[in-house]
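Please keep the structure in view while reading.

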Amino acid sequence: MNEAELIHKAQTGDVRAFEQLVEEYQQSVFNLAYRMIGNHEDAADMAQEAFIKAYFNLSKFKGNSKFSTWIYRIATNSCLDEIKKRKKTPTYSMSDSIEIEEGEITREIEDKSSNIEENFEREEQLKMVNKAIGRLQENHRIIIIMRDVNNMSYEEIAEILKCSTGTVKSRISRARTILHDFLKEDGLFKN
């Protein structure tokens with residue numbers, strides 16, 4: 001299937017077609033973001049943000065330019081927005097020394113990390129939650145992941161699932177109740 005066909009299918013709601021477009025451009029969009037941001041993790045976030053924006057605005061792509069040009073423009077704008085945001089908020093390296101009249105001192109940061117047992121317990125709880133999410137029916141699993149894992153708004157979820165925000169809220173409530181029951185069964189909750 002050629003790119004034009006993929007775009008058309010994606011515009012009509014074919015998620016697999018959009019995933020193929022992402023696969024085609026993900027490396028080049030990441031590389032662009034990496035060059036602009038200069039940090040691997042932030043570049044990955046910017047690339048993901050660009051594809052999310054592209055997904056929600058795919059209907060606006062009219063084919064007046066190449067798809068690659070369009071997605072790169074979205075990625076560039078996302079990176080520029082991030083750079084502007086960073087300029088407004090000064091950042092400091094934790095390893096920078098502080099200059100005072102008597103010379104320089106280095107920062108000493110208290111280690112507030114929890115002990116090994118607490119970290120292990122948290123990892124085990126996370127495994128239990130992930131296992132319980134996996135036990136949910138697909139429609140409940142998807143909505144929990146969208147809302148509670150990916151922090152999507154009710155409106156975004158409603159748009160993706162093509163239903164009302166009231167329906168989304170109802171499904172999330174039901175899914176959370178079922179998830180809570182699974183976690184109780186697994187011993188994570190006492191009540």
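The largest nonpolar core has 27 residues, and among them Phe18, Leu21, Val29, Phe67, Trp70 and Ile71 touch the most other members. A nonpolar core is a set of buried Ala, Val, Leu, Ile, Met, Phe, Trp, Tyr and Cys residues joined through side-chain atoms within 4.5 Å; buried means under 20% relative accessible area, exposed over 50%, and partly exposed in between (1.4 Å probe, protein chains only). The model is predicted: local features need pLDDT of at least 70 and side-chain atom pairs count only at pLDDT 80 or more, while totals for chains, interfaces and linings use all residues. Residues are numbered from 1 along each chain as its sequence is written, and side-chain values use heavy atoms, leaving out hydrogens and water.

Helices (H or I, at least four residues) are DSSP runs, numbered from the N terminus.

Leaving aside neighbours within four places in sequence, Phe67 is in contact (heavy atoms within 4.5 Å) with Glu3, Ile7, Leu21, Tyr25, Leu58 and Phe61. A second, separate core of 16 residues includes Ile133, Ile144, Ile157 and Phe182.

Glu82 belongs to helix 4. Is Glu82 buried or exposed? Glu82 counts as buried because its relative accessible area is 18%. Residues up to four places away in sequence not counted, Glu82 touches Ile37 and Met46.

Note on methods: Helices (H or I, at least four residues) and strands (E, at least two) are DSSP runs, numbered from the N terminus.
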